[in-house]
Amino acid sequence: MTRKVRLLVAALCALVSAPAIAVVIMHIPAFGRHPLPYGDAINHLAGAQRHVTNMVSAVNFDYRAFDTLGEELMLVAAVTGTLVLLRGRRGESLSDRAAQAGNRPVCERSEAVTLACRFFLPLITTFGIYVILHAQLTPGGGFQGGAIVASGTLLIYLGESYRLWRRLVRSRVLDMLEAAGALVLVLCGLGPMARGGAFLQNVLPLGQTGALLSGGLILVENAAVALAVTAGFILLLLEFLEETRATCEGKDP
Amino acid sequence: MSFVPWATVAWLFAVGIYGVITSRHYVHLIGCLTVIQSATYITLLSVGYRFGSVAPIFHSRPPSTPAVDPVLQALVLTDIVVGATVTALLLALTLQVHKKRGTVNPERLRPMRQ
Amino acid sequence: MIAPATDVLAPLPVAVPLLVGALLLLVGKVLPGRVPDALAIVAALAVVAIDARLAAHTTRGPLVYWMGHWQPHGEVTLGIGLVIDEAEAILAAFMALLFAASFIFAWGYFEDIRAFFHVLMLIFLAAMQGFCLTHDLFNLFVWFEVMSVTAFALTAYRLEADPLEGALNFTVTNTIGSFLILGGIALAYSLAGLLDFGALARSLAQHADDPVAVGAFCMIAAGLLIKGAAIPFHFWLADAHAVAPSPVSVIFSGAMVPLALFGLGKVYWDVFETVPPVQLLMRTLILGLGVTTAIVGGVACLRQRHLKRLLAFSTISHGGILLIGLALPGPVSLAGVLAYFIGHGLVKGALFMVAGILLATAGGIDELWLRGRGRASWPAGVAMAVAGLLLGGAPLGLMDSGSRLIGAAAAMRGEDWILIAVVLGTACTGGAVLRGAGRIFLGLGEIAGEEARGPSEVESEKPDRPLWLMMLPVTVLLLIAIGAGLFHADETILGAAARFLAWDRIASIEPVGPATAAAVPASSHPFVPWLTLGLAIFIAAHELGHAWLPRSWSRASRRVLSGPVFTAIDRTHDGAVGDYVVWILIGLALFSVSSAAALHAG
Amino acid sequence: MTALLVLMFVLVAGTGAGVVLAREPRRQALAIAVNGVALSLLFVVLRAPDVAYSEIAVGAALVPLMFLAVLVSLKTDRPKQ
């Protein structure tokens, strides 16, 4: 099909489907007034049952932790797949050394950029860790904080140099951290079974509502997710940035 | 006015599909997929919204305050991970296919027809 | 608090492969040689054992297991439940068995990059188990997506141009499918505000004629049919299955595609069965799609020369037959689906392994190029011929049980015409495989027919494994496919199907007592299997015998086969992802028109 | 339905279309970031701060960065065939 034929067929399909779609939209319960029995039940029960104040984290890491287990393993699978795709060509042996940028001129970073990056790096990292640690209390959690920390490490690259970033961020260590995060999450499921509980059952002491150490198993799972997400996203960035440099196979160290 | 969220969703889906079927650059096509993906976030969160409610976080207010649905927000969080990982995988595939074929035009990337 | 002994097993089919996978990812680099292979095989076999035990313990009704011990709070379920039925446990056990066979087949094949292959495959296995056993709509989506992501990565594992392009088409189309499923989940949630299958079903029963419920079903069904490769959503499959490494194609064709179709049945029976327009959609649209898919897939299969692509089209055709079985109501038809699922998976798995053997020993996959070059590995030829006969409807073993039961279910409703689609699909795919076996291993068929125009590629896999090692899983799979009939497999499966449907999901989330199993129905058309087999052999002989046919006959048949209808089939499978997406839109339009008609009729 | 909500929905619809219509991939990466910011604003209005956080970190930062990195390497890469 050419582009024109495709657009024509697509427009026809849209035209034919439009009445049915319109009927469905007209029948959806009015926006802002849906019946939400599941969400309401969680909002009413979770505070007392799990001593947490962020209901989204309670759902993610306790009520529906099985989803999160699948989600994290999906992340691990996607990162592994990307590694296979990108590292497979370069060869594993090169993965711990910064690739050379060929004969591209290295642009000098201005003082201001370096200074700004040195200023913001600790700020962003601290903020990311804060977001991770307060999952059970305020908005945020392992996933959001992990993503923030991962993008924050790029400031090393922006402000200092690609080489320093690569030297500080070791892909071998990241591989291990990512796998460890996934493993801890699976063990969070199996551990309670060893004590006669159900898979992923919260068997740890719940602590006091509002305290940093509250929520029991939620804390452990949150930490595992933070580990896997941080390591996974840094690995993704690292592999993509590595691709931007022409690898020169062992010419100069 | 209650149709605005659903109209937005339908619009984003349609415009994203339009981009996918007319795209001439795989990276652009992947961008269009993220637009369709954002339509799913909006659907889920719109379903969970409730007028006159607060966010489902009771750090500084009593737990009896009416709040929006936390379950759907958790689902959207999962969805965002899905989106980011699939995007990364697609970008890696694009990069490799460019090395092999020298093009990223979807029209010219047809398996087993070279 | 302490659960009974078997309950403890419920989460393990998912947890065990994930545990081993995470461990391999952590220490895979330092493990010597074949340890990852061995660990993966042990993990898969452990899952088989767990599932088998679960199946044995659910003959009196399903087992309910709440993740995190979140029992329902009154009417509202708080957590995610697994509800394990005998039927689902049997399917799960079969899929784990296929993984074990595939791991044995791939012994030592993927040693290049740590244990990445095994990690991905184990996560893939866990996702399929979760998808099969879960009882929660969003959890179903999560495992569906884990399945997809691992499958995308595994398709491109060879890092050649064709696999990369195939993986791109696969990823783009299936990602759109998962968006559709998510949209359907959101629609269902807007009505009910719940996610558990049972709770949803009870809530939807009160919205019997609501267009939103129908819309939710349509979106979820379309998403699952993209993964299940029903026409017109099927285009990605031939591109992806043909280029994936053969141990991966074994899983794709033998388990993943049928599982997505079974998922459609699961969502229908567990959630949407009480919505009358949806019932009507199953009896009309889904049945129609199944019939079309069975026939078109079979015809397209005959027109291929790339052996794995040929097998991929045969999977499309057999998926159509499964879809027919899902669309027909009643336990007999469901039993047919279960038997066909397992029988087809075993045979198709064995066939993809034969293709892998040819890639490794003869160094090619193109049927015309391979003519006569398979003689050295003749045991594979015997296996391919046996598998071709089973695929072509030989009245023997599980596949035959499946198609007989589906046929009986159609006859019981007075819709005997459906048998035509089953016979045509079966005969064409069986004929195509038999033609391949004759050409590759006996050197027949010097003059090629229409298949010469099919797309192909140059491909080979590492010739580092002994033939006996690769033949071992092939033999085991085929023996099970043939021999299962000797152990009353029909009765067991029919009982499981009857119990699966007897449980009134609206009345209670609790399991029910054992249902009375229906008797295996006597076939109303006992000659059909023989007719099908005869047709398959005739097709193969005709395709191989161009040299001996009278000139005028040969010319006439060629004129028909290169006619506009057949070349249109070739031309639509053009590999352009934009076209595939347009075909998805056409499918969605079909869905919306039929659901509007169904709502109007109701 | 408040005016603010309508405004945010329209904004997201507009920036989403912008992502599709930005045919030049570099400009598209920027459009994706803008769309990500618009989405997270909408999520804040929809009372979903958790989701807004992850959208701003992933949709407005990580994903555009990956896009840019891939575009750079597509440019530097000289295919062998």
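**Exercise 1. Find which element gives the largest share of the lining of the largest pocket, and describe that lining.**

Step 1. Take the source. α1(A) gives the largest share, 12 residues. Helices are DSSP runs (H or I, at least four residues), numbered from the N terminus.

Step 2. Note the basis. This is a predicted model: local features need pLDDT of at least 70, side-chain atom pairs count only at pLDDT 80 or more, and totals for chains, interfaces and linings use all residues. Residues are numbered from 1 along each chain as its sequence is written, chains are lettered from A in the order in which they are written, and side-chain values use heavy atoms, with hydrogens and water left out.

Step 3. Size the pocket. The largest pocket holds about 1,100 Å³ of space. A pocket is an open set of points on a 1 Å grid over the protein atoms alone, where a 1.4 Å probe fits, with protein on both sides within 12 Å along at least five of seven lines; lining residues have an atom within 4 Å of a point. The volume is the space filled by probe spheres set on the points, which are joined across faces, edges and corners.

Step 4. Locate the centre. The lining has 42 residues, and the closest to the centre are A:Ser17, A:Ile21, B:Phe13, C:Met219 and C:Leu588.

Step 5. Sort by class. The lining has 35 nonpolar, seven polar and no charged residues. Nonpolar means Ala, Val, Leu, Ile, Met, Phe, Trp, Tyr, Cys and Pro; charged means Asp, Glu, Lys and Arg; the others, Gly among them, are polar.

**Exercise 2. Describe the contact of chain A with chain C.**

Step 1. Count residues. Chain A brings 64 and chain C brings 69. Contact means heavy atoms within 4.5 Å.

Step 2. Take the area. About 5,600 Å² is buried, 77% of it on carbon and sulfur atoms. Buried area is the accessible area (1.4 Å probe) lost on putting two parts together, summed over both. A:Tyr38, A:Phe66 and A:Val84 supply 12% of what chain A buries here, more than any other three residues.

Step 3. Look for salt bridges (a side-chain nitrogen of Lys or Arg within 4 Å of a carboxyl oxygen of Asp or Glu). There are two between chain A and chain C. A:Arg64 and C:Asp136 form a salt bridge at 2.7 Å, N to O.

**Exercise 3. Describe the contact of chain D with chain B.**

Step 1. Count residues. 41 of chain D touch 48 of chain B.

Step 2. Take the area. About 3,700 Å² is buried, with 75% from carbon and sulfur atoms.

Step 3. Look for salt bridges. The count is zero.

Conventions:
Helix = DSSP H or I, 4+ residues; strand = E, 2+ residues; numbered from the N terminus.
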